[in-house]
Amino acid sequence: MNDRPTALITGAAQGIGYACAEAIAEDGARIVLADIDEAGVKEAATRLGGDTVAMNCDMGDPAQVSSMFDRIDAEIGPLSILVNCAGIAVPCDFLETTLEQFASVIDVNLVGTFLATQRAARSMVAAGIPGSIVNMSSVNAQVAIPTIAAYCASKGGVMQLTKASALALAPHGIRVNAVGPGSIDTAMMAAVNEDPEAMRVAMSRTPLKRMGTPREIADIVAFLASDKASYITGETVYADGGRLGLNYTC
């Protein structure tokens, strides 16, 4: 019988999601990777090695989310850890943003997080597992950028969903927390990396004067998922290089 905890990480083909998988695997968990990029998530599972399982899933499609959890329940068993890392941004002028663009971001970032949290929690409760759920919020849950209104709204929603679900699940011993990254060196920040002026602006609001790395975020996620954080629930940890403490830009 396998007594290792099982962890599902969504958005895990690359970036922060894959780094979370690495960090949690190092703590001894069996890893299930999920991503909309089927080839990418399979390659990531091969790279991580061991008995890692790859699943193709669009977290913005409720039917696909349900099917993925059906497969996990049938083939793997209940989760002990869920990391909701899948997320998208659709930069657009606010006045030109369409309902479809806005909804696509909300569907992945917020609705997908809700659905995965609910399904994972139901399995944990049924199995009597005092599990841990970690959501990926953002510094933009607190501060806004006008060209990514849907992203800001979705991450603010994740922050509040984290609090509400933590209260709902506390009687079952299930903890729910979130991490709110600032500027992290991922594909989402590629345009900033390539534009010296955009980088100057980003660093002007980052007191540590550098981007964070995916692994720096992943280490916080792994801590929150572990028993070391056993008395922490309903919290969002902001890893932003000091940005939220800064009330002006240079």
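Q: Okay, which residue does Arg71 form a salt bridge with?
A: Glu75, and the closest N and O atoms are 3.1 Å apart. Keep in mind that this is a predicted model.

Q: What about Asp219, what does it pair with?
A: Asp219 makes a salt bridge with Arg215, with 2.7 Å between the closest N and O atoms. Both are in helix 8 (residues 214–225), four residues apart, which is about one turn of the helix. Asp219 is partly exposed at 38% relative accessibility, and Arg215 is partly exposed at 29%.

Q: How many salt bridges does the count come to?
A: Eleven. One of them joins the side chains of Asp51 and Arg30, at 3.8 Å from N to O.

Q: Where do Asp51 and Arg30 sit in the chain?
A: Asp51 is in the loop between helix 2 (38–48) and strand 3 (53–56), while Arg30 is in strand 2 (residues 30–35). They're 21 residues apart, so this pair links distant parts of the chain.

Q: Is Arg30 buried or exposed?
A: Arg30 counts as buried because its relative accessibility is 18%, and the cut-off for buried is under 20%. Asp51, at 30%, counts as partly exposed.

Q: Switching topics: why is strand 5 described as largely enclosed?
A: Five of the five residues of strand 5 (residues 132–136) are buried, so the rest of the structure largely encloses it.

Q: Which residues are on which side?
A: Ser132, Val134 and Met136 are on one side, with Ile133 and Asn135 on the other, and both faces are covered. In general, side chains in a regular strand alternate between the two faces of the sheet.

Q: What does strand 5 pair with?
A: Strand 4 (residues 81–84) runs parallel to strand 5 and is joined to it by four bridges. For instance, Asn84 has Asn135 as its bridge partner. Strand 6 (residues 175–181) also runs parallel to strand 5, with five bridges between them. There, Val134 partners with Asn177.

Q: How does the chain get from strand 5 to strand 6?
A: The chain crosses through helix 5 (residues 149–169), in a right-handed β-α-β crossover. Strand 4, helix 4 (residues 99–127) and strand 5 make a right-handed β-α-β unit too.

Definitions and conventions
Residues numbered from 1 in each chain as written. Predicted model: local features only at pLDDT ≥ 70, side-chain atom pairs only at ≥ 80, totals over all residues. Heavy atoms only, no water. Buried < 20%, exposed > 50% of the residue type's maximum accessible area, 1.4 Å probe, protein only. Helix = DSSP H or I, 4+ residues; strand = E, 2+ residues; numbered from the N terminus. Pairing = 2+ DSSP bridges. Right-handed = clockwise from strand over helix to strand, strands pointing away. Salt bridge = Lys/Arg side-chain N within 4 Å of Asp/Glu carboxyl O.
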